[in-house]
Amino acid sequence: MNLVTISITSLIMNKNTLWITQTAVLLALLIAVQAVTSGFGNTLLTGSLVNLLLIVSVILVGLPSGLTIALMSPFFAFMFGIGPKFWQIILCIAIGNATLVILWYLLRKSSSNQMIAFTISAVIAAAAKFLVLYGLVVKLVVPIVLGIPEPNASVVSAAFSFPQLFTALIGGAFALFILPLLAKALQREI
């Protein structure tokens with residue numbers, strides 16, 4: 001192996017190590033947030049902070065990191081007793097989280113003004129996550145796949161309607177202010 005090959009291999013390994021480390025730190029932070037806030041019984045707080053961490057991961061570390069955390073988050077929530085006990089709904093939450101992350105990634109540069117681009121990302125991604133969860137959980141999984149009878153169906157469905165929109169919007173609003181500060185502290189372009 002020549003010196004150029006060794007340098008390129010070293011650079012790739014360093015980038016992979018950095019990605020793994022950053023994703024692991026954000027995942028550990030997500031787990032800590034879920035563990036600490038689960039005792040409060042406040043899904044608005046927990047959901048908002050989780051959405052914030054999903055957004056931070058995709059904007060600061062990249063789409064693979066954001067998707068990794070988005071897909072793992074509902075399984076950790078299940079372990080902490082947050083949310084439903086049905087694996088079908090956990091999968092729907094993972095899909096909703098992935099929707100949020102992908103749209104933030106795609107829309108993050110939708111305007112030359114970063115604050116406008118992030119605001120567009122926050123609103124569209126939150127609305128899309130809400131619609132995905134509402135369609136999957138409320139209209140498909142609860143009534144058809146699980147066949148949960150009333151009034152239990154209404155209780156489960158209520159958790160996956162407007163509260164999901166609110167937590168995604170709140171997480172996005174926090175991200176509008178936190179991302180520039182984190183980027184500056186980490187000396188990173190976003």
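Student: What makes the pair Asn97 and Lys129 a polar contact?
Tutor: A polar contact is a pair of N or O atoms within 3.5 Å; within protein, one must be able to donate a hydrogen and the other to accept it, and residues adjacent in sequence count only if both atoms are side-chain atoms. The side chains of Asn97 and Lys129 are joined at 2.8 Å, so the label applies. Before we go on: this is a predicted model, where local features need pLDDT of at least 70 and side-chain atom pairs count only at pLDDT 80 or more, while totals for chains, interfaces and linings use all residues. Residues are numbered from 1 along each chain as its sequence is written, and side-chain values use heavy atoms, with hydrogens and water left out.

Student: Why is Asn97 called buried?
Tutor: Buried means under 20% relative accessible area, exposed means over 50%, and partly exposed lies in between (1.4 Å probe, protein chains only). Asn97 has a relative accessible area of 2%, so Asn97 is buried.

Student: Where does Asn97 lie, and which residues does Asn97 touch?
Tutor: Asn97 is in helix α4; helices (H or I, at least four residues) and strands (E, at least two) are DSSP runs, numbered from the N terminus. With contact meaning heavy atoms within 4.5 Å, and residues up to four places away in sequence not counted, Asn97 touches Asn51, Leu54, Ala70, Ser73, Pro74 and Lys129.

Student: How many helices and strands does the protein have?
Tutor: There are 7 helices and 0 strands. Of the protein's 190 residues, 42% count as buried.

Student: What makes a group of residues a nonpolar core?
Tutor: A nonpolar core is a set of buried Ala, Val, Leu, Ile, Met, Phe, Trp, Tyr and Cys residues joined through side-chain atoms within 4.5 Å. The largest one here has 32 residues, and Ile59, Trp104 and Leu179 have the most contacts inside it. Helix α2 gives the most to this core, with 9 residues. Another core, of 12 residues, lies apart from it and includes Ile89, Ile93, Val137 and Val141.

Student: Which residues does Leu179 touch?
Tutor: Leaving out residues up to four places away in sequence, Leu179 touches Ile55, Val56, Ile59, Leu60, Trp104, Phe118 and Ile190.

Student: Which residues make the nonpolar surface patch?
Tutor: Leu44, Val123, Ile124, Phe162, Phe166 and Leu169 make a patch of about 520 Å². The largest share, 3 residues, comes from α7.

Student: Why is Phe166 called partly exposed?
Tutor: Phe166, in helix α7, has a relative accessible area of 44%.

Student: How do you know that the peptide bond from Glu150 to Pro151 is cis?
Tutor: Its omega is near 0°. Pro151 is in the loop between α5 and α6.

How values were computed:
Patch = residues over 30% accessible without salt bridge, like charges linked within 9 Å, V, L, I, M, F, W, Y side chains within 5 Å. Areas by Shrake-Rupley, 256 points an atom, 1.4 Å probe, with all protein chains shown as cover. Salt bridge = Lys/Arg side-chain N within 4 Å of Asp/Glu carboxyl O.
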